[in-house]
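Please read this briefing alongside the sequence and the coordinates.

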Amino acid sequence: YYGVTSYVRLWRPLAKREGFKNFGPWGQWIQAFGKTPDNKPLGSIEGGIFASDKVGLTYYPKYLAGSSTHGYSPMSDTSGGWGFNERLTPCQFLGRVVMTNRMLIPPSGLSFEPLQDAKDGDGGVFIGAGWVALPFFGGKIRDDLAGEEILAPENLTDDGGKLTWSFFLDSSNAQGPILMIVPEFFYRRAAEFDAMRVSEGAWAADTWNYTEAFLKSLGRMPAHWSPGMGSEIHNLPTVFTEGTAPYPDFDSGAGPKYWKAPEIMYPNQSRREPLLKDLRTYSTETYNSLVALFDNVQSTEQDYQDAHSEMSGAYIMFSNPSMRHVMQKYDGSARVEIEPAAEVKAELGEDNLTLFVYWGNESYPQRYSRYYETVPYETTADGSPTGGKDWRNYGSGTTYIARPVYDEEQIPDSLRETEYAGKTEGAANYRRHNSTEYSSHWCFDCTSADATCGQDEQITL
């Protein structure tokens, strides 16, 4: 396929940011056919709605438009001059080009106006975003090859035209492609890369046909199979535990009985809230129509507007992901999956697809609890398979899950009084937290939006 776009709802996925490494409620994963000998993709386009202390404190999550190459190389230009681990990328490895003069695109991601009307109770606000391969550099009409045919050696040539993967945005202040990745980003310096990895012991010399592999990169070839759509949420790390689960079938030590987690939030004004709209993929037909448009020197501005509105070769993509969250004890010694309070359901319309957050379990309130109790997996409330895992510290051959507890009287006092108070790394606002004086400023240390703590923000740089 040659691209994927959607409209994603903007909401706060956590009531309070508590030192998370990565909390990505929604994004896409676009991979190349080509792989390294150790099975890493030669090109990957990722990103999406994202919250992390390392990109700064913001009321809403940010949107990251990220990419990597050469098997997740540390030199990948993932964020416009910055690579993995927030390190500067040398100029010779850069590959991203900004296409708009109407907005800044910082390495830390796109921020959203915190004071905008969230339209709670009225379907919410959405951001349109996604990636489409365009023929900006060296584009040519392409054969509509599919399946094994596209990987046949006779079809792997370096004169089949190039793909310029471009990030599209649809918001109130920006519409259309705002940045792109040059095709060579995904396949340049192939021989040097092979030699470097051989010297590092990753694989033996003369065992990898890197020329053929790099012809399968995203700069030369459409993306692999179907796009991965969903979330990337690492184990909830700021979790406190209390007690020991008294189950006789533990054979390698018992796990915690009660858990206290950060407050996970999903839109809940009604039992059925839209989360994702108009999920589409794009085909060879899309790419070829744009090649013809770009090559025609007689094309007018109206021709481009018509092409944008029609977007030939676009197809509805069906996706129905599961909703999973895993808690991890603060010292990493135990973890367990949460029995979900809500689920994601797909509804297919006449010419579109919408994903809804569905609060279908009427025995639970329309929210995630902060407290959970470890129970055997077989005794989950509705008896349905929710993906319980054989977690570390819970014994071999047994499965457990964390069931939400909404009656706090069941929870030990020591756990209810415990709250996370770790350091904050990232951007900060140094004004005093006085909500009456600064009505547009939120204190991320307070538990209430209207609290006045009167303390200065401290930051570890």
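The overall make-up comes below, followed by points grouped by topic.

This is a predicted model, in which local features need pLDDT of at least 70 and side-chain atom pairs count only at pLDDT 80 or more, while totals for chains, interfaces and linings use all residues. Residues are numbered from 1 along each chain as its sequence is written, and side-chain values use heavy atoms, with hydrogens and water left out. The protein contains five helices and 19 strands, these being DSSP runs numbered from the N terminus (helices: H or I, at least four residues; strands: E, at least two).

**Overall make-up**

- Of the 461 residues in the protein, 48% are buried, where buried means under 20% relative accessible area, exposed over 50%, and partly exposed in between (1.4 Å probe, protein chains only).
- Among contacts (heavy atoms within 4.5 Å) with a separation of 6 or more, 72% are between residues 24 or more positions apart.
- The protein exposes about 22500 Å², and carbon and sulfur atoms supply 48% of that area; accessible areas come from the Shrake-Rupley method with a 1.4 Å probe, and for residues only the protein chains shown count as cover.

**Helix 1 and what follows it**

- In helix 1, which spans residues 190-199, the residues A190, F193, D194 and R197 are buried. They lie on the same side of helix 1 because they cover an arc of only 100° around the axis, the arc being that of the directions from the helix axis to the C-beta atoms.
- On the other side of helix 1, E192 and S199 are exposed, whereas the buried residues of helix 1 pack against helix 2 (210-214).
- Helix 1 is followed by G201, which has a positive phi near 85°.
- D206, in the loop between helix 1 and helix 2, has a positive phi near 60° although D206 is a residue other than glycine; D206 is exposed, with a relative accessible area of 78%.

**Nonpolar cores and an enclosed strand**

- A nonpolar core is a set of buried Ala, Val, Leu, Ile, Met, Phe, Trp, Tyr and Cys residues joined through side-chain atoms within 4.5 Å. The largest has 68 residues, of which I30, W131, W165, F167, L169, M327 and Y368 touch the most other members, and strand 6 gives the most to this core, with four residues.
- A second, separate core has eight residues, including L42, W203, A213 and F214.
- Not counting residues up to four places away in sequence, M327 touches a set of residues that includes L236, V239, W259, I338, Y372 and A402.
- Strand 11 (residues 256-260) is largely enclosed by the rest of the structure, because five of its five residues are buried.
- Strand 11 runs antiparallel to strand 18 (residues 371-376), and three bridges join the two; strands count as paired if DSSP finds at least two bridges between them. Within this pairing, K260 stands opposite Y371.

**Loop residues**

- K35, in the loop between strand 2 (23-31) and strand 3 (43-51), is partly exposed, with a relative accessible area of 27%.
- Leaving aside neighbours within four places in sequence, K35 is in contact with K40, P41, L42, W208 and A213, and the C-alpha atoms of K35 and G71, which are 36 residues apart in sequence, are 7.3 Å apart in space.
- K119 lies in the loop between strand 5 (96-98) and strand 6 (126-134), and has a positive phi of about 55° although K119 is not a glycine; at 37% relative accessibility, K119 counts as partly exposed.

**Charged pairs**

- A search of the whole structure finds twelve salt bridges, each defined as a side-chain nitrogen of Lys or Arg within 4 Å of a carboxyl oxygen of Asp or Glu.
- One of them joins the side chains of K162 and E184 at 2.7 Å, N to O. The pair links distant parts of the chain, 22 residues apart, with K162 in the loop between strand 6 and strand 7 (164-170) and E184 in the loop between strand 8 (175-181) and helix 1.
- D278 and R280 also meet in a salt bridge (2.7 Å, N to O); D278 is partly exposed at 24% relative accessible area, whereas R280 counts as buried at 19%.
- D38, R197 and E200 are linked in a network of salt bridges, and R197 is among the buried residues of helix 1.
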